[in-house]
Amino acid sequence: MIRILKAIYYFFPVQLLLLHLRKFQVLLVFWLILFSTLNGGFMRAYGAAALFLSPEYLGDVSPFSAAIVGSATGIFIMSWNITTFILFSRHFRFLATTTKPFLKYCINNAIIPIIFLVFYFIKMLQFSTQRELLTVSSIIWLCVGFAGGFGFIIILSLFYFFRADKTIIRRMTPVISNPKLFKSQFRKEEVKLNESRLMHVKWYLNSFRTIRQTRDVAHYSKDFIESIFNRHHISAVLSIFVAFIFLIGIGFFMDSRYFQLPAAASILIFFAILISLSGAFSYFLQSWSIPFFVVVFFILNLLYQYNVIDPTNKAYGLSYNAKEDRPLYDRETLLQLCADSNLARDKANMIGVLEKWKARQSEAKPILFLVNTSGGGSRSATFTLSILQRLDSLSRGQLMRKTFLITGASGGMLGAAYFRELSWRRDRVDTSIHLQSRRYIDDISRDLLNTLFSSFVARDLASPAQTFKVGEHEYIKDRGFAFEQKLNENTHGVLNKQLKDIAPEEAAARMPLLLFNPVITRDSRALVISTQPVSFLMRPRFDSSKIPAMDPDAIDFGALFARQQPMNLRLLTALRMNATFPYVLPNVWLPARPVIDVMDAGFRDNFGEMNAIRFLNAFREWLQENTSGVVLLQIRDRKAGGWENPYESDDITEIVTKPVLLLQDNWYKMQEYNQDDLLSLSQHGMGFSFRKLIFQYVPKTEDAGAALNFHLTRREKLNITGALDNQENQRAFHTFTELANGH
């Protein structure tokens, strides 16, 4: 028994596994991330597992998309083998005396890759049946596609190294024929002293079916062994270089949908390059690795400070020229923007828009509807569009005519903006549009995440900068650009406008106003983007004779950047600025002094109520005289009351993590508490009838809920549309029908 255990312990695959655990553990981090992602641990809330288990290419989950991910998996595994082969070769010199040493190394180093592949197929089967609701035949074809792509890369790689082996043998013939180089110049005792202290191997896999005992290499020259390994190292480095060039090529041609690889494939190729780079630095620099990275960091930081390199994302359409014309971002400038004279002018303009809205209504004193929609990625976009379709049907096609203002955060505004544009086109341009069609839900729920991640890897990290133009201004293509292009493609170009294109329609009240509220990271003020001047939203309405002056907590985008052509901003860019979740999308930098950047509106007002309440308070006298009341329609991607997903922890790490994570986990709940309190106080001072109807996405079961990201599975899409008919929403629909139709 002891002999068997010793034989297992000194078996090459076991010794390699132990060597991985003892040396260069950083390389195992990539495997840990992949296993955790597939198991639903890493980035679970953002649906990262779906990128790997349900890969999309050209808009479909198909055997070909699975084959691409399989090929990328093969590249990742071969990179793992190549890198560890280079790093560990001095620990298994006996392989240098065998035929095809790299192939034998891959066979013996297959424990982790085989476990990963088995785990992947198990998770793919579970995901395809439970989340994507695929048929057995479809699942089989996906598995065949993945296996085909994976096998192709493995065969291609091994063919490359077989040819390298033949070249190495041919070049090593002069060395072998030279006894002085071929024979060892050391005694056996000296060789033993030079053997690896981390690895002692007695048996190895010669193939997947045969086991052989290791040969004594004492009679081989050290120069001979190292020459063989060094030639394999050169071949290995060349193969990784080819993969890097391939990724750069993908970045250059990403504007074509045929080069928009599944996100999982881009991530795996990127991981492969990271593994090879980390291995190369460790091998060539060794103890100088950390000083080298410190020097590189300082050089890059210096180049960034002097604008030699500029990785920042811009607001497409906005002018970034003439730094001396950029507005000062300071207290005095903001106070000037919301001075009394500006407030009076902007309020007069908005009252004119309100009068035009009233003139389009059939009642003398109509009900004014406001729409608030919450953030929540594609699930909120899909749910918002579904709710608006139902409301439009219940109001006999009059929803957008009766609605004056739409505001909110992130994904919800994607769905609302798409619906508003479709409604306008139906009424003004294209009578063939049927707003209740399912195809519009399919449009807004289409994948955005694959293109986004692929661009992040292929463009942001690998390829040299490429540019494009909006008008006369030039910008860099990055994942922000890729997101807008994909959203534009999914919505068939109807959102491809600039603010100046929709300004006349909003000013004439032929379509509801859209208000975007991205948050300035410098001080958490909201940047209110609108086609109309809105200085009256920059701070609450107050009596300055009784209350000390309040600093603005919001900024009128058009007023602050009046000299930067603000109305040239793309509508797609405004939507993206409003939905800039950290790291997923790049923060948008704006031409102020100092430079400011903005991110997701949900960090300040995820439910869209703040601007709605402030708007109602600013125009309460007009609303009292000209309407029979206001109805706030709130569409939200989570249940009201904050009961779902309570912060809970049952392990000792809570002592350390709870103070840090408590605010993050309860952020949206605290927003809701504060806004409910503000709404309650405002209701009594408005002087007109006010009602709030809530439409909320509540999954039937907790495990069926849609993830917070820009990718939805088939089951998640069905779950979202099915949530329209829950009991709470049915009551809200009934009340809306009575109010909208004057019953």
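Predicted model: local features only at pLDDT ≥ 70, side-chain atom pairs only at ≥ 80, totals over all residues.

User: What percentage of the residues count as buried?
Analyst: The protein has 743 residues. Its secondary structure comes to 31 helices and 15 strands. The buried share of the residues is 53%.

User: Among contacts between residues at least 6 apart in sequence, what percentage join residues at least 24 apart?
Analyst: Contact here means heavy atoms within 4.5 Å. Among contacts between residues at least 6 apart, the share joining residues at least 24 apart is 79%.

User: Which residues does phenylalanine 76 touch, not counting residues up to four places away in sequence?
Analyst: Phenylalanine 76 also belongs to an aromatic cluster, with Trp31, Phe35 and Trp80 among the other members. Outside its sequence neighbours, phenylalanine 76 touches Phe30, Trp31, Leu34, Leu268, Phe271, Ala272 and Ile275.

User: Is serine 71 buried or exposed?
Analyst: Serine 71 is in helix H5. Leaving aside neighbours within four places, serine 71 is in contact with Gly149, Phe150 and Ile153. Its C-alpha atom is 8.5 Å from that of alanine 147, 76 residues apart along the chain. The cut-off for burial is under 20%, and serine 71 has 17% relative accessibility, so serine 71 counts as buried.

User: How many aromatic pairs does the count come to?
Analyst: Ring centres must lie within 6.5 Å to pair. By this rule the number of aromatic pairs is 28.

User: Why is the pair of phenylalanine 483 and phenylalanine 710 classed as it is?
Analyst: The ring centres are 5.1 Å apart and the planes stand at 65 degrees. Planes over 60 degrees apart get their own class. Therefore the pair is edge-to-face.

User: How many residues apart in sequence are the parts that this pair ties together?
Analyst: Phenylalanine 483 lies in helix H21. Phenylalanine 710 lies in the loop between strand E15 and helix H30. Phenylalanine 483 is buried at 0% relative accessibility, and phenylalanine 710 is buried at 5%. The separation in sequence is 227 residues.

User: Over the ring of which residue does the charged end of lysine 497 sit?
Analyst: A charge over a ring must be within 6 Å of the ring centre. Lysine 347 lies over the face of phenylalanine 619, at 5.8 Å. For lysine 497, the distance is 4.5 Å and the ring is that of tryptophan 424.

User: What is the relative accessible area of serine 423?
Analyst: Serine 423 lies in helix H18, residues 410–428. Beyond four places in sequence, serine 423 touches Met400 and Leu435. Serine 423 is buried, with a relative accessible area of 1%.

User: Which residue in E7 is the bridge partner of phenylalanine 468?
Analyst: Strands E6 and E7 pair in the antiparallel sense over 4 bridges. They form a hairpin with 2 residues between them, and glycine 471 in the turn has a positive phi of about 65 degrees. The bridge partner of phenylalanine 468 is tyrosine 475.

Notes:
Residues numbered from 1 in each chain as written. Heavy atoms only, no water. Phe/Tyr/Trp six-rings, centres within 6.5 Å; stacked < 30°, edge-to-face > 60°. Buried < 20%, exposed > 50% of the residue type's maximum accessible area, 1.4 Å probe, protein only. Lys NZ or Arg CZ within 6 Å of the ring centre and 35° of its normal. Pairing = 2+ DSSP bridges.
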